[in-house]
Amino acid sequence: MIRMGMSITHLGTGSRGNATLLSSGSSHILVDQGFSGVQLEKRLKMLDVSPNDLEAIVITHHHGDHGGGALIAQKRWGVPVFANHRTTAELGLLPELTQQFEALDVLQFNQGISLLPVPVPHSGADNVAFVASHGGERSAIITDLGSWTDELVHHVRGCQHIAVEANYDRKRLMAGPYPSTLKDRITGRGGHLSNVQTGEFLSQVCTDATRSITLTHLSEMNNAPHLAESTVLFEIEEVFEGDINISMQDGPQFSHFIGRRDGDGFATNAIQRIQRKLP
Ligand SMILES: [Zn+2]
Ligand SMILES: [Zn+2]
């Protein structure tokens with residue numbers, strides 16, 4: 001049986017905006033909306049999706065690069081937004097178009113897509129990671145965390161696809177121009193993950209079932225794709241044999257799939273590059 005599965009496509013990740021599209025057939029769910037309305041529309045169009053097609057937007061936390069465009073999407077296109085209590089309040093979301101969730105409440109959407117919000121430590125915010133399930137497989141989307149919990153490891157371990165931030169290279173951050181208070185905040189328990197930390201986390205959650213990894217939210221000042229990739233690969237070489245890709249700020253670049261079966265019933269997770277039309 002051929003089953004189409006669910007695609008995971010980052011429209012862009014980084015401190016200037018984050019949004020990730022989950023699609024299965026006619027169902028489209030956006031995880032985070034940190035872009036302007038114009039940018040969201042433009043990036044979705046490259047995937048032949050309109051903001052009007054969005055079934056829901058789920059928000060990880062209220063920081064502008066993740067939730068800053070949620071209210072615009074409610075006002076302009078009437079898209080329902082799912083967020084926890086703190087995030088809803090901080091973003092001033094419209095009550096009639098907002099559904100609040102608690103940590104570990106499973107959110108069910110059309111075409112058999114479900115999302116599990118798992119709390120992660122991030123200063124000054126009530127942040128969650130999402131574990132998306134479809135067709136008996138799982139994909140985790142984890143960003144903006146300075147450390148991780150046993151609970152997060154429990155829910156992410158063995159996911160078929162894992163998207164996780166690799167925010168900074170420690171040497172670059174320390175040698176860079178940021179004031180020391182900001183450096184302390186980034187490296188703190190509620191800050192962001194360094195490349196080494198991301199590798200350590202992945203070494204705890206990757207299993208034989210894990211086919212692909214996407215590194216996201218790289219700092220443009222304090223990181224570089226080759227540093228993130230080589231550092232993480234060094235940490236996980238004994239537990240991971242799949243493919244690893246890097247999501248940049250200016251997406252979408254590629255899609256991954258979970259829950260997809262080819263004609264012989266085998267799971268397929270081939271990466272699909274997005275054809276970018278020239279402006
Ligand atoms: Zn962020
Ligand atoms: Zn944040």
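Okay, helix 3, residues 70-77, in this predicted model. Which of its residues are buried? Ala 70, Ala 73 and Gln 74. Now look down the helix axis: those buried residues fall within an arc of 100°, so they line one face of helix 3.

And what does that face pack against? There's quite a list: helix 1 (37-45), strand 4 (54-58), helix 2 (64-67), strand 5 (81-83) and helix 4 (85-91).

Ile 57 touches Ala 70 and Ala 73, and its other partners include Leu 30, Gln 33, Val 79 and Val 81; that's leaving out residues up to four places away in sequence. Ile 57 also belongs to the largest nonpolar core, which has 62 residues, and together with Ala 129 it touches the most other members. The element that gives the most to this core is strand 9, residues 128-134, with five residues.

Okay, on to the loops. Asp 48 has phi near 60° and sits in the loop between helix 1 and strand 4. Buried or exposed? Asp 48 has 7 other C-beta atoms within 10 Å, so it's exposed. Gln 111 also has phi near 60°, in the loop between strand 7 (107-108) and strand 8 (114-119). Gln 111 has 17 C-beta neighbours inside 10 Å, so we call it partly exposed.

Last stop: a cis peptide bond between Gly 251 and Pro 252, with omega about 0°. You'll find Pro 252 in the loop between strand 13 (243-246) and strand 14 (254-258).

Notes
Residues are numbered from 1 along each chain as its sequence is written. Chains are lettered from A and ligands numbered from 1 in the order in which they are written. This is a predicted model: local features need pLDDT of at least 70, side-chain atom pairs count only at pLDDT 80 or more; totals for chains, interfaces and linings use all residues. A nonpolar core is a set of buried Ala, Val, Leu, Ile, Met, Phe, Trp, Tyr and Cys residues joined through C-beta atoms within 7 Å. A residue is buried if 20 or more other C-beta atoms lie within 10 Å of its own, exposed if 12 or fewer, and partly exposed in between; C-beta atoms are placed from the backbone. Helices (H or I, at least four residues) and strands (E, at least two) are DSSP runs, numbered from the N terminus. Two residues are in contact if their C-beta atoms, placed from the backbone, lie within 7 Å. The arc is that of the directions from the helix axis to the C-beta atoms.
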